[in-house]
Amino acid sequence: MSGKAYIREMPKTTWWLSHSRYRRYVAREVTCIPIGIYTAVLIWGLMRLSQGALAWEGFLGALNSPLSILFHLVAFVFAIVHTISWFNVTPSAMRVQIGEDFAPGAVIIGVHYAGWVVVSLIVLFMAGV
Amino acid sequence: MEKIQIDIAIVGAGGAGLRAAIALAESDPNLRIALLSKVYPMRSHTCAAEGGAAGVIKGDDSLDLHFSDTVGGGDWLCDQDAVEYFINEAPKELTQLEHWGCPWSREPDGSVAVRPFGGMKIKRTWFAADKSGFHILHTLFQTSLQYPSIRRFDEFYTTDLLVEDGRCQGCTAIEMSTGLMYQFQAKSVIVCAGGAGRIFSFTTNGAIKTGDGMALAFRAGVALKDMEFVQYHPTGLPGTGILLTEGCRGEGGILVNKDGYRYLQDYGMGPEPPIGEPVLKTMELGPRDRLSQAFWHEQRKGNTIPTQWGDCVHLDLRHLGEKKISERLPLVRDLSVSYVGKDPVHDLIPIRPVVHYMMGGIHTDINAATTMPGLYAAGECACVSINGANRLGSNSLSELLVFGKRAALNAIEYISSSGKDVDDAAVTKLANEAQGRITTLFQKSNGTETISGLRKEMTDTMEQGAGIYRTEESLKETCNKLNELRSRFSAVELNDKSNVFNTDLFSALELGAMLDVAETVAVGALERKESRGSHQRLDYTQRDDNNYLKHTLAYHDKTDAPRIDYRDVVITKSKPGVRDYSGGKK
Amino acid sequence: MSERQVEVEILRYDPETDQAPKLQSYSVPCQEEWVVLDAITYIKDHIDTTVSFRWSCHMAVCGSCGMMVNGEPALSCKSFLRDYPDKIRIEPLAHFPIVRDLVVQLDDFMEKLNRVKPYIIPKEKKSVSDGQHKQSPAQLKAFNQYTLCINCTLCYAACPQYGLVPDFIGPAAMALAHRYNLDSRDGGRDQRQEVVATDEGVWECSFVGACSDVCPKQVDPAGAIQQMKIASTVDWYKEHLMPWSKP
């Protein structure tokens with residue numbers, strides 16, 4: 001209504017520094033970067049595999065470098081953090097009503113962890129572990 | 001001054017105003033409707049009502065019983081033809097709300113549930129947990145959004161009704177964000193601006209309940225009826241005055257004094273049934289006036305509990321259990337824990353009576369019409385009267401719907417049959433005069449009075465002199481004080497000279513409205529030399545049907561106290577009897 | 001009853017006299033059980049009557065008194081002084097233009113609320129004389145949580161997306177759309193999806209979750225939006241993989 005209403009500008013790149021809640025959010029979002037890089041590494045590995053045994057050996061050798069090991073450790077930690085933070089918010093995105101009440105959050109989260117364990121076991125089994 | 005030409009203006013966008021707007025829009029999509037409110041509709045005080053809305057739907061109930069409960073509850077001051085109409089329409093209106101999406105609490109079989117409420121022989125109060133008013137308001141507001149013909153003017157403060165040729169032809173209102181006054185030329189105006197609990201020190205009412213609508217009609221020459229009947233709700237939180245719904249007692253809550261004794265049985269409302277098994281229309285489910293009066297007596301006897309906020313009694317809900325409280329009274333639990341640090345699941349809650357509702361208001365007939373052609377009123381600001389000398393809990397929310405709709409339909413009939421247009425020149429002149437009055441207020445300098453100072457003196461004198469029990473002396477003192485405050489009000493200067501959202505200005509206008517309304521309460525109480533319902537005099541303790549089976553009418557006098565007149569109550573089926581809230585044998 | 005002297009800073013702004021908002025400090029003798037709103041009304045009544053702010057119910061049900069209290073969106077009537085230090089900074093709700101002092105412009109929010117069609121679009125034709133709809137307690141519980149929104153707009157003040165992307169429909173409006181989608185009496189989900197399953201609707205949300213954090217009524221608008229994202233995704237697959245199925 002009033003044309004002279006004052007608009008407070010939001011700092012476009014540093015807004016998230018102002019509150020711990022936003023800092024935690026950005027930290028969560030940032031975990032996808034190492035995961036993204038890891039996915040690229042996997043695809044690169046698939047490509048090397050398709051180029052023959054020599055290329056594949058070269059790829060495996062590169063994985064053994066200290067830098068690569070460090071990266072994989074970091075990516076692994078970030079993947080855990082990513083997984084835990086997303087699993088924790090699943091109850092509000094997936095409400096399961098049984099009768100009158102809703103399944104407790106712990107159950108929804110528990111099912112996700114259970115699924116993670118099952119899939120991990122299958123993958124490990126197929127990898128011959 | 002910008003002119004807005006419409007067919008019907010509604011002042012106030014709470015339950016009654018929104019219901020009226022929807023009724024208008026549904027009836028004729030070509031009607032030009034303006035819905036004015038000094039707050040956004042969702043902020044209207046309807047949102048604070050908790051307990052529920054009464055309507056006869058269950059097999060064990062009857063319209064006759066709702067009728068007799070209401071008329072007896074009102075101590076026979078209700079107009080019985082209006083009550084008859086009301087109880088018949090209430091169930092239909094509540095069902096309409098159900099169709100519009102209101103989340104009524106349900107029985108296991110999926111039908112709408114009802115709960116017991118004070119003064120009712122059979123339970124008939126529809127409820128939405130303990131946020132019934134909130135859900136009703138939001139249902140109405142959201143439903144209204146589908147009608148583009150309802151033009152809303154949110155945060156417009158209505159200052160004057162424009163009356164010319166003996167009829168209402170519109171109103172002036174200030175756009176709060178700019179300070180600009182607008183002229184609304186309308187063939188009919190419906191006032192739905194709520195009650196005036198803020199004239200008292202302790203009230204459940206929010207800041208906005210300042211009787212603006214009542215003052216509008218009053219100053220335009222329409223009488224305010226039965227203003228001395230002010231309801232104290234028995235269970236308000238001490239200090240803040242926050243409401244704890246009657247539904248607490250409907251679900252089985254009990255009231256005890258400092259000895260843990262259910263004292264209500266000493267005041268003709270016993271015998272005491274087992275805890276958690278309330279007997280309707282007795283003890284804690286008696287009518288609000290009797291319960292508040294009992295507190296006053298207990299306080300005199302020294303049986304109340306002193307707290308940091310003053311004397312209280314205790315509300316005991318512990319026997320309901322956590323599950324029931326979480327399901328049916330979640331807001332009550334939240335409020336108690338937050339504002340007095342007591343959890344109803346484990347603790348006794350300190351409570352005391354606080355001003356809650358005005359039975360009185362703008363004098364209307366059974367059609368929601370005032371004595372001024374073109375002017376209608378509905379809701380708490382109006383007095384039909386269906387509530388008489390004391391309102392039963394949960395009749396008010398139903399009243400908003402029934403009479404909001406009725407006012408709308410009758411307004412439509414009026415404008416189509418009267419054939420008269422708005423007199424542009426005359427009305428514009430009046431509007432300019434209204435603007436002039438605001439300008440004068442703005443330009444006032446060397447003020448010696450403060451708004452908050454005068455307001456405090458007003459609320460103090462009302463609480464002391466016109467409270468639960470009144471005497472000739474206390475009322476005379478209050479009347480004199482209010483008279484004095486009215487003249488001192490002219491010495492108020494606005495510190496805020498801005499045009500943009502000037503709350504100093506609006507506080508001043510609200511104070512002016514409150515002073516006018518307060519005077520009608522005090523003078524009406526002084527002149528009514530009997531005790532009836534919520535109006536109790538220590539010097540005239542009995543009900544006097546010979547002299548006072550009448551409504552009080554208060555008329556505005558520009559320079560002096562209101563002039564009082566009387567009007568007979570409409571009695572049809574129920575002759576004045578004894579209000580019996582005892583469960584025992586006679 | 002103990003009293004505490006609290007320094008209350010309020011961001012003041014009058015467009016007729018100020019170029020920009022600035023903080024003004026007041027020293028307020030506060031009672032122990034007061035809320036922030038009590039301190040502000042004390043200032044208005046006894047120190048400076050020019051301070052403008054909205055309030056009404058003082059019991060967290062009308063939604064008028066939303067403000068930034070020490071940088072956090074809160075209802076001033078439910079913010080207890082006992083939880084705050086001796087210095088409190090009060091500013092108008094973030095992400096809204098300031099009209100005057102603590103009063104913000106809510107036009108954008110009101111428009112968005114209107115846009116999502118927040119009313120029953122009946123599933124079946126039924127007149128009042130046909131009686132009530134039956135709705136089981138379980139069916140009521142399915143959507144009840146989302147009916148509790150008091151339109152206080154604290155969620156909009158907390159949501160960084162709304163701050164960065166003003167076109168974003170926002171938490172409360174979408175939670176209300178979801179409320180109607182889940183109501184067993186309603187048949188209007190398709191119409192609402194057209195409004196909310198859009199770029200400026202659910203897909204602008206990145207699940208920061210700040211809205212649900214600050215919501216005074218535990219409505220969980222973030223959850224509502226994610227549920228609508230899932231529903232919208234399922235709709236899309238159904239439409240493209242099973243075009244014969246009814247939406």
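Strand 21 (residues 550-555) and strand 22 of chain B pair in the antiparallel sense, over six bridges. Strands here are DSSP runs of E, at least two residues long, and helices are runs of H or I, at least four residues long, both numbered from the N terminus. Two strands pair if DSSP finds at least two bridges between them. This is a predicted model: local features need pLDDT of at least 70, side-chain atom pairs count only at pLDDT 80 or more, and totals for chains, interfaces and linings use all residues. Residues are numbered from 1 along each chain as its sequence is written, while chains are lettered from A and ligands numbered from 1 in the order in which they are written.

Stay with chain B. B:Lys550 has B:Asp568, in strand 22, as its bridge partner. Strands of a sheet pair through backbone hydrogen bonds, either parallel or antiparallel. The open sheet of chain B has five strands in the order 18-16-10-21-22, with mixed pairing. Its edges are strand 18 (382-383) and strand 22 (563-568), each pairing on one side only. Helix 14 of chain B packs on this sheet. That helix touches strand 10 (224-225), strand 21 and strand 22 of chain B. Its direction makes about 135° with that of strand 21. Such angles run from 0 to 180 degrees between N-to-C directions, with axes as lines fitted to C-alpha atoms, for helices over the stretch in contact. Two residues are in contact if their C-beta atoms, placed from the backbone, lie within 7 Å.

Next comes the core. The largest nonpolar core holds 270 residues. A nonpolar core is a set of buried Ala, Val, Leu, Ile, Met, Phe, Trp, Tyr and Cys residues joined through C-beta atoms within 7 Å. Buried means 20 or more other C-beta atoms within 10 Å of a residue's own, exposed means 12 or fewer, and partly exposed lies in between. Helix 14 (residues 503-527) of chain B gives the most to this core, with 15 residues. Among the members that touch the most others are B:Ile190, B:Ala217 and C:Met174. Leaving aside neighbours within four places in sequence, C:Met174 is in contact with residues including C:Val116, C:Ile169, C:Pro221 and C:Met228.

Now turn to chain C. Nine helices and seven strands make up its list of elements. Its C-alpha atoms fill a box of roughly 70 × 40 × 30 Å, taken along the principal axes. Of its 247 residues, 55% count as buried.

Chain C is divided into domain 1 (3-104) and domain 2 (107-241), with bounds from an automatic or database domain assignment. Their C-alpha centres lie 30 Å apart. The contact takes 13 residues from domain 1 and 12 residues from domain 2. Strand 3 (66-69) and strand 4 (72-75) of chain C each supply at least two residues of the domain 1 side. Strand 4 gives the most, with three residues. These two strands form a hairpin with two residues between them. Four bridges join them, and they run antiparallel. In the turn, C:Asn70 has a positive phi of about 50°.

Finally, look at where chain C touches chain B. This contact takes 43 residues from chain C and 46 residues from chain B. Helix 3 (137-144) of chain C is one of the elements that each supply at least two residues of the chain C side. Helix 3 gives the most, with three residues.
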